[in-house]
Amino acid sequence: MNLFDFIFKNNHFFRFVFGWKKNGRLFHLNLEEYIEEIERHIAILQKLEVKKGDRVGFISNTRAEWHFLDMACMAIGAIGVPIYPSFTKNELREIQKYCDISLFIIENTLTVDSIENDIIANAKVLIIEEGPKPKKKNTYKYTDLVDSLKDDDQSLPSLKELSHELKEDDICNY
């Protein structure tokens, strides 16, 4: 049984499965809304060509987008690598050296601009917050990808189908 099987099997226990606070306002999602949000984020990762076994580095404070993208990574079979925003450039360089991160998900453009080119040279970068257009190549804005999904006629990937493809030794199992 994997995490997603557990969620589907035990959904009758939860009125809301996820909640967060943004700008002083509370948000809650029921199971159906939660699954749709994860599927939307799976589609975003697929647009960025993230696949099973890829390492995805998260340089961000805790936020709803971080959670949805992390769950989407697990559903695909990618491996999330949490990285504290306070890590030094040398610590980031070591993490990249050992993990070979193919996508960095970063909170804002200021954080991207402070990371030295050699650390993210061979990786794609997804920036969550609105801000100026990033200067580095292979850098994408979260809102642009979300908007592109609205224009896409394709349906979202099925979390239930993807969860059945997970194997016992995949990262998202207990």
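This is a predicted model: local features need pLDDT of at least 70, side-chain atom pairs count only at pLDDT 80 or more; totals for chains, interfaces and linings use all residues.

Residues are numbered from 1 along each chain as its sequence is written, and side-chain values use heavy atoms, leaving out hydrogens and water.

**The helix pair**
- The axes of helix 2 and helix 3 come within 8 Å and cross at roughly 70° (axes are lines fitted to C-alpha atoms over the stretch in contact, with angles from 0 to 180 degrees between N-to-C directions).
- That makes helix 2 and helix 3 roughly perpendicular, a label for angles of 65 to 115 degrees.
- Where they meet (contact means heavy atoms within 4.5 Å), helix 2 brings residues including Y34, I38 and L45, and helix 3 brings F68, M71 and I76 among them.

**The loop residue V17**
- V17 sits in the loop between helix 1 (3-9) and strand 1; helices (H or I, at least four residues) and strands (E, at least two) are DSSP runs numbered from the N terminus.
- Leaving aside residues up to four places away in sequence, V17 touches L29, N30, L31 and Y34.
- At 24% relative accessible area, V17 is partly exposed (buried is under 20%, exposed over 50%, partly exposed in between, with a 1.4 Å probe and protein chains only).

Technical notes:
Angles under 35 degrees count as roughly parallel, over 145 as roughly antiparallel, 65 to 115 as roughly perpendicular and the rest as oblique.
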